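Trainee: I am new to this structure. Please take a close look at a single part of it with me, step by step.

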Amino acid sequence: MGDVRLTILGSAAGGGFPQWNCNYRLSRAARAGTPQMRPRLQSSLAASAGEGRGFVLFNASPDIRQQINETPALQPAPDAPLRSTPIRAVVLTNADVDHLAGLLSLRERQDFHLYATARVLAVLADNPIFRVLDPAHVLRLPVRLDEPFAVEGPDGPTGLCAELFAVPGKVALFLETGEAGRDFEADPEDTVGVRITDAGGRSAFYVPGCARVDPALFERVDGSALLLFDGTVFTDDEMARAGVGSKTGRRMGHLPIADAGGSLEAWAGATIAQRVFVHINNTNPILDEGSAERRIVEDAGWTVAFDGMEIEL
């Protein structure tokens, strides 16, 4: 992808790994410092078109402050002004708490642009707590689906082009009404994937939340250089088996990895140069680098993302 570099800031699903109140065996092992159980922050991605071009964040997780502290390239340069950041824009893929709560940590009257669908921006507008993002410094820019746009910061182009497109999903948990049709046949702008394109036209796709791979999504991604895809749960009933909850992966709007019709099967026939699972729940056995489930996904040609992972194509 030329000079474009992607950095996984957080590879876990909501709650991170280990989750603060989770005592499941994987979280216990991570707290004990088991080498094959790397801790993970909540889902977020940074992209840069080259040195001096700044960074674009795709989702702002509740862990954003720690992610910045652990990523020197996202920190103010030693010779920069007293208030500064190389983060020039943020792009949101949905209104989930684990994707937008980090905006509250970026409230210090710092200039950056915020991109999202009109639907997601309306969620922010309806919640008065997000008024801490001073509109004199944070420009909220609605994005139309299926229309590529040059991502800009306050001082001009970042060198990245993005395109938001609808993927099968659901409304954010805190927006659920209990009406199955309304919650699960969501507005197309509720959950989106992102195509990130370099000057040469090569594409990376970031889809941290997806309920199923339909023909339109398959056709869109097929032939790409990179797919970063929803790896929340290994099996649909994983949380119930673990004893930590009754919701299935599909109930949460996430396609399981290994079940019939799951992501391994759905993407098996696609031509994709590099496939990476992101947004991994604390119950997912692929977090254990020595597990049989980890071998299954790796043998199928997938990589399991980790925090700090860098990809340049």
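Mentor: Start with a cysteine. Cys22 is buried, at 7% relative accessibility. Cys161 is partly exposed, with a relative accessible area of 28%. Buried means under 20% relative accessible area, exposed means over 50%, and partly exposed is in between, using a 1.4 Å probe and protein chains only. The disulfide count is zero; a disulfide needs a pair of cysteine sulfur atoms within 2.5 Å.

Some ground rules come next. This is a predicted model, so local features need pLDDT of at least 70 and side-chain atom pairs count only at pLDDT 80 or more, while totals for chains, interfaces and linings use all residues. Residues are numbered from 1 along each chain as its sequence is written, and side-chain values use heavy atoms, with hydrogens and water left out.

Now the part to study: the sheet. Seven strands form an open sheet with mixed pairing, in the order E6-E5-E4-E3-E2-E1-E14. Strands (E, at least two residues) and helices (H or I, at least four) are DSSP runs, numbered from the N terminus. Two strands pair if DSSP finds at least two bridges between them. E6 (138-142) and E14 (310-312) are at the edges; each has a single partner strand, so one side of each lacks a neighbour in the sheet. From one strand to the next, the twist averages 20°. Axes are lines fitted to C-alpha atoms, for helices over the stretch in contact, and angles between N-to-C directions run from 0 to 180 degrees.

Look at E3, residues 55-58. Both of its faces are covered. Phe55 and Leu57 are buried on one side, Val56 and Phe58 on the other. E2 (residues 44-48) runs antiparallel to E3, joined by three bridges. There, Leu45 stands opposite Phe58. Six residues separate the two strands of this hairpin, and Gly50 takes a positive phi near 140°.

E4 (residues 87-91) runs parallel to E3, with four bridges. Val56 stands opposite Ala89 in E4. From E3 the chain crosses through helix H2 (residues 64-69) to E4, a right-handed β-α-β crossover. Right-handed means that, with the strands pointing away from the viewer, the path from the first strand over the helix to the second runs clockwise.

Move on to E6. Strand E5 (residues 112-116) runs parallel to E6, joined by five bridges. Phe112 stands opposite Val138. Helix H4 (residues 118-126) packs on the sheet and touches E5 and E6; contact means heavy atoms within 4.5 Å. The direction of H4 makes about 140° with that of E6.
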